[in-house]
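Reader: Please show the sequence and the model. I would like to go through the terms used for it and see what each one rests on.

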Amino acid sequence: SAGSSGTLLNTPPSPGAIIPKHCSNSSRLVTMSAQYMTSGLQQPPAFNSPEQRTGNGQDGWSGDDLSLDGVQPVFEEGSYALRPFFLSLLSRSEVIESLSDGILEDLLSFLIVAMADREAGKFGSDVEAVTTSDQRKDFVLALMREVARDLAENQSDSIPEESLAWLSDVVGSDFMPFETLGVLRNRACVVAFLTQDDRRGRLRFIHEQVQSYFLSYVAVEAVRGNELPKFIRRNIFGADFLESFGNVVRYMEPALVDDFVNMSLALIKNGGPMDRAARNLASLLIVSQSVSGSSEHFELSDLSLDEVHLTSTPGPMTLRDVTIAQLDARGCDFRKIKFERCFVSSFMADEGTIISESLPVPSILTTPKQTTAETAVIRQWMLDQMFDHHFGEIMQKAAADNISFPILDLFNKLLRYSPYWFADGEDRPARKILDDPSWEVLKPILIEHDLLTIRDGMGTGGRRKLFYHLKNKPALLR
């Protein structure tokens, strides 16, 4: 709403005001959006520092907040935070204070946990007297996972209040004392993750991205437990869900992702015809291999896939006798994927795409500049794209002579690392960059050309570590 969005900035700039240089294009958009949304509204008094604002319980961003290293991912182009609902959440003083304490690694999880923490304090004194804050937060998160599963399995976008009450009892019995179940049942209908549907007596998630977040966790946990939920066996996984799944899996513990991958491969191999299960599991596997940083090679064969979403720099895999209706590889370097006797109907790419030499010529190519079904045009684009990123004829000759350039391969990987920051911690995709022998050669080059930001900050779990950010990625990818 206009009122809630208006608290994003303490004092919107007047028309024609100069926006500070440290604000990115996205934060300029946020600033102008806030100005528009708050025009004609009575503004609260401005505070000059986070301490002044939070000390007075004042919501909204100050100029100092916008310049903090830890909050830069919030205003990056394409950030979840730039969606209206999340803007409202981020304007709350306690959320801004949390952001100012360290460097943000996983924005979506941060937003979800911030909401769950807030919900944990709304159960009333009777429930709080017999439960801990962590119990109440775990209950909220578990309930939302069950709601996401229920909606997916019923192929619905809303849930009846009576079904929600039943799920509350089931989930609550695992987390809370029996005498609190009645209160939990009432609280479930007003939890902030859900909102009233247009149909009376039904609720839906506040945002599709929130629903996809919880459903992604359900998918991983179910498959790891050797279970194939109905939504995996029957639903069609579209591009939006596959992208969301990748964003969630990226930050999961590597052991969990490896368990999911291994069990998925076993289910595909041994399960026989299982409705749509094999093709859906394959699509999830390919996304996982794109974001997990795994070096383990696997093969998929004799499948017909609706959507394949590739991102970053996928690990090695072989696709054999696989038909793909739509392959989205925008901004992706997928040279490590081998295609054997495969067919691709529609291929989406851009200037940042580096293709596999074995990619079959797709029937349709879509780029920001053209959509074409002319085979000759598509072939020429593929040839140009394959070597433009490798300095043309020099790299083409090097490839023919089996000569590699590790520092360029590492730079390509770094360009396609999606998170704003990558940390010197346990994250496997980041470790693939930092542990590469070429990193100590590449790093000083990037520093010399002012392309690398390095910060010592507090990350997830309260651990101090070094954070790196590659500047000007969009321009470097072109």
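Author: The turns below take up the terms one by one.

Reader: What is the mean pLDDT of the protein chain?

Author: The pLDDT is the predictor's confidence in each residue, from 0 to 100. Its mean for the protein chain is 79, and 72% of the residues reach 70 or more. Over residues 1-57 the pLDDT is below 50, although this stretch has 82 contacts in the model beyond near neighbours in sequence. Where pLDDT is low, the predicted coordinates should not be read in detail.

Reader: Why is glutamine 289 called buried?

Author: Buried means under 20% relative accessible area, exposed means over 50%, and partly exposed lies in between (1.4 Å probe, protein chains only). Glutamine 289 has a relative accessible area of 3%, so it is buried. Of the 478 residues of the protein chain, 50% count as buried.

Reader: Where is glutamine 289 found, and which residues is it in contact with, leaving aside its neighbours within four places in sequence?

Author: Glutamine 289 is found in helix α16, residues 277-291; helices are DSSP runs of H or I with at least four residues, strands are runs of E with at least two, and both are numbered from the N terminus. Contact means heavy atoms within 4.5 Å. With neighbours within four places set aside, the contacts of glutamine 289 include Ser294, Phe298 and Pro316. The side chain of glutamine 289 reaches the backbone oxygen of proline 316 at 3.0 Å.

Reader: What makes arginine 149 and glutamate 227 a salt bridge?

Author: A salt bridge is a side-chain nitrogen of Lys or Arg within 4 Å of a carboxyl oxygen of Asp or Glu. The side chains of arginine 149 and glutamate 227 meet at 2.3 Å, N to O. Arginine 149 lies in helix α9 (residues 133-153) and glutamate 227 in the loop between α12 and α13, so the pair ties together parts that are 78 residues apart in sequence. Arginine 149 counts as buried at 17% relative accessibility, whereas glutamate 227, at 32%, counts as partly exposed.

Reader: How far apart in helix α21 are glutamate 440 and lysine 443?

Author: Glutamate 440 and lysine 443 are three residues apart in helix α21 (residues 439-448), so about one helical turn separates them. Their side chains meet in a salt bridge at 3.9 Å, N to O. Glutamate 440 is exposed, because its relative accessible area is 51%; lysine 443, at 18%, counts as buried.

Reader: How many salt bridges does the structure hold?

Author: The structure holds 26 salt bridges. One of them joins lysine 471 to aspartate 450, with the closest N and O atoms 2.8 Å apart. Lysine 471 is in the loop between β12 and α22 and aspartate 450 in the loop between α21 and β11, 21 residues apart. At 22% relative accessibility, lysine 471 counts as partly exposed. Asp157, Asp197, Arg199 and Arg204 are linked in a network of salt bridges.

Reader: Why is isoleucine 454 called partly exposed?

Author: Isoleucine 454 has a relative accessible area of 31%, so the term partly exposed applies. Isoleucine 454 is found in strand β11, residues 452-458.

Key: Residues are numbered from 1 along each chain as its sequence is written. This is a predicted model: local features need pLDDT of at least 70, side-chain atom pairs count only at pLDDT 80 or more; totals for chains, interfaces and linings use all residues. Side-chain values use heavy atoms; hydrogens and water are left out. A polar contact is a pair of N or O atoms within 3.5 Å; within protein, one must be able to donate a hydrogen and the other to accept it, and residues adjacent in sequence count only if both atoms are side-chain atoms.
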